[in-house]
Amino acid sequence: MDYATLLQVLDSTVRLATPLLLACLAGLFSERAGIFDIGLEGKMLMAAMLSAAVAYVSGSVWLGLLAGIGASLLLAALHGLASITFRGNQLISGVAINFLAAGLSVLIAQDWFSQGGRTPSLTGGARFEPITLPFADALAGVPVVGPIYQQLISGHTLPVYLAFLCVPLTWWVLYRTRFGLRLRAVGENPAAVDTAGISVVGLRYAAVMICGLLCGIAGAYLATALQAGFIKDMTAGRGYIALAALIFAKWRPWYALGACLLFGFLQAIALRFQSIDLGGITIPVQVMDALPYILTVVILAGFVGRAIPPRAGGEPYVKER
Amino acid sequence: MTPAIELQGISKAFGPVHANKDIALRVLPGTIHGIIGENGAGKSTLMSILYGFYRADAGEIRIHGTPVTLSDSQAAIAAGIGMVFQHFKLVENFTVLENVILGAEDGRLLRPSLAKARKELRALAEDYGLNVDPDACIEDLGVGFQQRVEILKALYRKADILILDEPTGVLTPAEADQLFRILRRLRDEGKTIILITHKLREIMEITDTVSVMRRGQMTATLPTASTNPEDLAERMVGRKVLLRIEKAPAQPGATVLDVQNLCLQDATGVARLKSVSLSVRAGEILGIAGVAGNGQSELLQVLSGMRPAQGQVWLNGQPIDIATPRADARTRRALGIGHVPEDRQREGLIMQFSAWENSVFGYHHDSGWQRYGMMQNAAIRQAAAAQMHRFDVRPPNPALEARHFSGGNQQKLVVAREIERHPQLLLIGQPTRGVDIGAIEFIHQQIMALRDQGTAILLVSVELDEILSLSDRIAVMFDGQIMGERAADATDERELGLLMAGMAPAGGA
């Protein structure tokens, strides 16, 4: 693999890691507050469909983004209602949201555009344009560093930069603010938060809505930046991969960045090298495509050592007598 | 003097149950006021009302003469009330400092709050002798220190009324002494302290005044100096109670249980039992004392067949298999080993099953209860009814689900099931945890009667009083080992307390 190819693969890693990273941080906020969310997938999918539809109709990617976030927030509120207010089972609520989104997204797209459950292709202002950072072209000639800056760091769409900025931001919120302290506390021991006179319900709703916001951006990115329009099941399990990355990262923001880059890298490899020749043995393309999913299974099976989830995760809080 | 707390006509009902009826209470500032009563007497409900967890249906609360409405914990904190719960409300993987500021932060950023709390904590440590490392993680601290963190949390919130709910349940005697020293110092500095407990000894030792609750009502409030344990117990239960069981000298027979070099490692490789050796003879009670979590539970689990371990165990001279997973509880019961597990709700009963179904668990293979795999339900029901009558289980209704009985009556169900088989060896864990005084007296009498019939009894309890009053010999466990063994009439609380803390008493025994 020469230098140029490596840069291309890494560049594509960054693009592919972006939706994973956003979804992973979304899950991090929710799960750190004690609400398990396997509905990341559904929220992204719904956001992807609605952002593509609105962007196509209005011609504005910004309206599309807003619509995507709105759709995701709505599903997040539904999850909150089921699991916080009505103290239902969080896994079941998440599964229901995934099913709802899988069906509803295609149904609405078909009803509006009659193109077999997809939205029409987006062009121009209906998509996020790549941003060229200052001096990118001028520095391109500098050996080694120049191409890294021009190809790898410059030239991505806005949500990519946003996603990477979210990592330090999440870390800062979680470990340096009052809100973060309370959020982490409510995921570990809601009774401690309750007796301190803080609303457990309020905190958990806040976390679930932040989760909805980030999933909305992730979904909009899929349909309006990474690709040009919505197609059926376009999230392709990214919500679940993000959950695996979250476990891999032990619910910590910087680790989440690493985990998502790893998954993005595997996806990029699969995309770039359709089959790899290893001294006579050819690895078929199917194996390459399956790699991220295989890694997901391996991680979930617990081969990466013990990950301790937030202690109150998955349990509705009931005030004890 | 204006009382720090004044309650008038406080009532609270949960459905048809009156948890509190027309409660009146006056607590003077700068005093330690004890509240004593059986389980379900309404102590916790009353304190929950004071801490804003529940709204009273009727009544008035005055703090330092000002009427207040305590609608939530925040309001209680603002009124200067701090609460130390029986089960600590701490975030285990946070530091002491983070736990202290949680909910009482200054501003949106943590740094200034943490710096301020660090300074404040240092001052509190000097004022009251409450030393804790502010950067230690809660899960690395012992329970005594965790409790200090709870007290610090309250003081940091400027509480001048401190409520402690059963604070000594998890402490060693030495830790409890330390706690009492701290409480006295807090009182001398002008704080008002309410101590909720069911231990008469603690009331006598530390309180200035004491209130007794029974069946949701405040039956008496009197200066501690003018009363005694017998009087208080009678007021709690409503009849005369024997606090110390009368026992005849043991008539030990042949060795029934012999344990040599019992070792156990848990799933993470930590040694839970380190070469434990002991023996119990027929007609005697060996008490195992120790702070919870020092291997007593594991010892009971291994002996009763709930988990395998390494080492040798003989029953009446016959070796029994303890190493393989095949060595299960059913085989042990067939050998004549009865077991009253420590946690009756998780291991002793199935809460959703009726009393009569529970009355044969572990013995349901016996020929009397099943024939060709068919349960003999009519016979079981009949036997259960008779058993409940003999053990004074209330209500005596075999069809009632186990969860509808009170703690004491649930425990009687378990004890009855095991004792009625006349085991050769009875393993008992925490026989009276969460059981009220009247039922304790009854259960203790049953255990004594079984001993006098010649059963060998291994008693595990974290209540030192219970160990001292029932046992013939006492072994103390610390960190998976037997620290020492004493004859019950040749030792005292102080010596056992040192052993429980892992120290060999000075001067030797």
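Modeller: Start with the residues that touch the most other members of the largest nonpolar core: Leu22(A), Cys24(A), Ala48(A), Ala245(A), Ala256(A), Cys260(A) and Ile163(B). That core holds 235 residues. A nonpolar core here is a set of buried Ala, Val, Leu, Ile, Met, Phe, Trp, Tyr and Cys residues joined through C-beta atoms within 7 Å. Buried means 20 or more other C-beta atoms within 10 Å of a residue's own, with C-beta atoms placed from the backbone; exposed means 12 or fewer, and partly exposed lies in between. Helix α10 of chain A, residues 200-226, gives the most to this core, with 15 residues. Helices are DSSP runs of H or I with at least four residues, strands are runs of E with at least two, and both are numbered from the N terminus. In chain B, the core draws at least three residues from each of domain 1 (5-237) and domain 2 (255-350 + 421-500). Those bounds come from an automatic or database domain assignment.

A word on the basis. This is a predicted model, in which local features need pLDDT of at least 70 and side-chain atom pairs count only at pLDDT 80 or more, while totals for chains, interfaces and linings use all residues. Residues are numbered from 1 along each chain as its sequence is written, and chains are lettered from A and ligands numbered from 1 in the order in which they are written.

Now zoom in on Ala48(A). Leaving aside neighbours within four places in sequence, its contacts include Gly219(A), Ala220(A), Leu222(A) and Ala223(A). Phe230(A), Met234(A) and Thr235(A) are also among them. Contact means C-beta atoms, placed from the backbone, within 7 Å.

Next, the two domains of chain B. Their C-alpha centres lie 34 Å apart. In the contact between them, 9 residues of domain 1 meet 10 residues of domain 2. On the domain 1 side, α6 (173-188) and α8 (229-237) of chain B each supply at least two residues. α8(B) gives the most to that side, with 3 residues.

Finally, the chains meet too. Chain A puts 15 residues into the contact, and chain B puts in 17. On the chain A side, α8 (178-188) and α9 (190-195) each supply at least two residues. α8(A) gives the most there, with 5 residues.

Key:
Two residues are in contact if their C-beta atoms, placed from the backbone, lie within 7 Å.
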